[in-house]
Amino acid sequence: MNVRIRKGWEIPEARLTPEPVYRSRRDVLRALGFTGLGALAWSVGCDPKLVDAESLPWSPVNVRTDNPNAGLYPATRNLAYPLDRALTAEQSTATYNNYYEFSTNKAKVWQLAENFVTRPWRVEIGGLVEAGGEFEVDDLVREFGLEERTYRHRCVEAWAMAVPWTGFPFRRIVDKVRPTSAATHVRLVTFLDEALPGVADAPWYAWPYYEGMTLAEATNELAFVATGIYGHELPTQNGAPWRLVLPWKYGFKSLKAMVRIEFTDSQPATFWNDAVPDEYDFLANVDPTKPHPRWSQAHERLIDTGEMVPTQPFNGYGEWVAAMYAGR
């Protein structure tokens, strides 16, 4: 008889939000005539604890209807990465967003991003590679195919969520462009639109947003490029048309709306490390024993329930990533 010993961070599958529930709920609500959070959601402000996730009608906002790859959603879930908590209610992840290009007010981003155009979208991939160039993101999605992964997401501000991302491993980009033997790191850059309110209101930042990771991190099996969420295409406020997802790191490493990927032979500078070097380092691995200079990282708040839970080293993904940092 095969007996499976459950890992300490797992919970019984019965406690997870069933896949058909979140896939079908929005369709049922749309059929009933509900189209969004409306005035009630706006009145509660940015504190997610004030939003009763199950009492408000909901259908996704800022999801484009011109997706030539719409038939790829929903994608089959990869079961290799189980969660230790229920999935976060979709209305919470769609209306509580860090996206400084639009606003520092998390509750306003989804409204300010409503008309942001994300198609067509091209990316430049270059640097120390053999087969770089400019590519249409929609073409890459069709080439690479899609899968769904449920990951924990931990913000450096000590709040957290659990998200069903749709996308593909970052390793597929690496394999396509074939980095040379000299490449050791990857530099990533997001779009720049100086007309956006967040950019215009903060000229002291070194826009556009830029991030980096080691080549070992980029090729780790957890490193993911998300093009969708909750079984449909990414909304603009969540990083459409595609974003990086590194679930063992704080969320600011997972930049949105990428336009340039560059393979380098040295560690690249990063946006927040340049702006506030005593608060944000290059690695930014989730570490409950290392407090932020202004708050503890020992616990995190789940954004849809307000529940406080202990923070796990590497956000609970040490089994997959800890070996990369041995001795550091």
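1. In this predicted model, E148 counts as buried, at 0% relative accessibility. Its salt-bridge partner is R77, and the closest N and O atoms of the two are 2.8 Å apart. The pair links distant parts of the chain: E148 belongs to strand β3 (residues 147-154), whereas R77 sits in the loop between α2 (38-43) and α3, 71 residues apart. R77 is buried as well, because its relative accessible area of 18% falls under the 20% limit.

2. A second salt bridge joins R152 to D84, with the closest N and O atoms 3.5 Å apart. Here too the pair links distant parts of the chain, R152 being in strand β3 and D84 in the loop between α2 and α3, 68 residues apart. R152 is buried, with a relative accessible area of 1%, and D84 is buried at 15%. Both residues take part in a network of salt bridges that links D84, R85, R152, R154 and E300.

3. The bridge between E130 and R178 has its closest N and O atoms 3.1 Å apart. E130 lies in the loop between β1 (122-127) and β2 (133-136), and R178 in the loop between α6 (171-177) and β5 (185-190), so the pair ties together parts that are 48 residues apart in sequence. E130 is exposed, with a relative accessible area of 55%, while R178 is partly exposed, at 42%. The count of salt bridges comes to 21.

4. The largest nonpolar core has 79 residues, and those with the most contacts inside it are F170, W242, I261 and F263. Strand β4 (residues 159-169) gives the most to this core, with 5 residues. Leaving aside residues up to four places away in sequence, F263 touches a set that includes I125, L128, V129, V174, V177 and L215. In general, nonpolar side chains tend to be buried together in soluble globular proteins.

5. Helix α3 (residues 90-95) contains T93, a buried residue with a relative accessible area of 1%. A polar atom of the T93 side chain lies 3.0 Å from the backbone oxygen of E90. Beyond four places in sequence, T93 touches T88, M161, V163, I229, Y230, N238 and I303.

6. S92 also has its place in helix α3. S92 is buried, with a relative accessible area of 5%. Apart from neighbours within four places in sequence, S92 is in contact with I303 and D304; I303 is likewise among the residues that T93 touches.

Terms used
Residues numbered from 1 in each chain as written. Predicted model: local features only at pLDDT ≥ 70, side-chain atom pairs only at ≥ 80, totals over all residues. Heavy atoms only, no water. Helix = DSSP H or I, 4+ residues; strand = E, 2+ residues; numbered from the N terminus. Buried < 20%, exposed > 50% of the residue type's maximum accessible area, 1.4 Å probe, protein only. Polar contact = N/O pair within 3.5 Å; in protein donor to acceptor, adjacent residues only side chain to side chain. Contact = heavy atoms within 4.5 Å. Core = buried A, V, L, I, M, F, W, Y, C linked by side-chain atoms within 4.5 Å. Salt bridge = Lys/Arg side-chain N within 4 Å of Asp/Glu carboxyl O.
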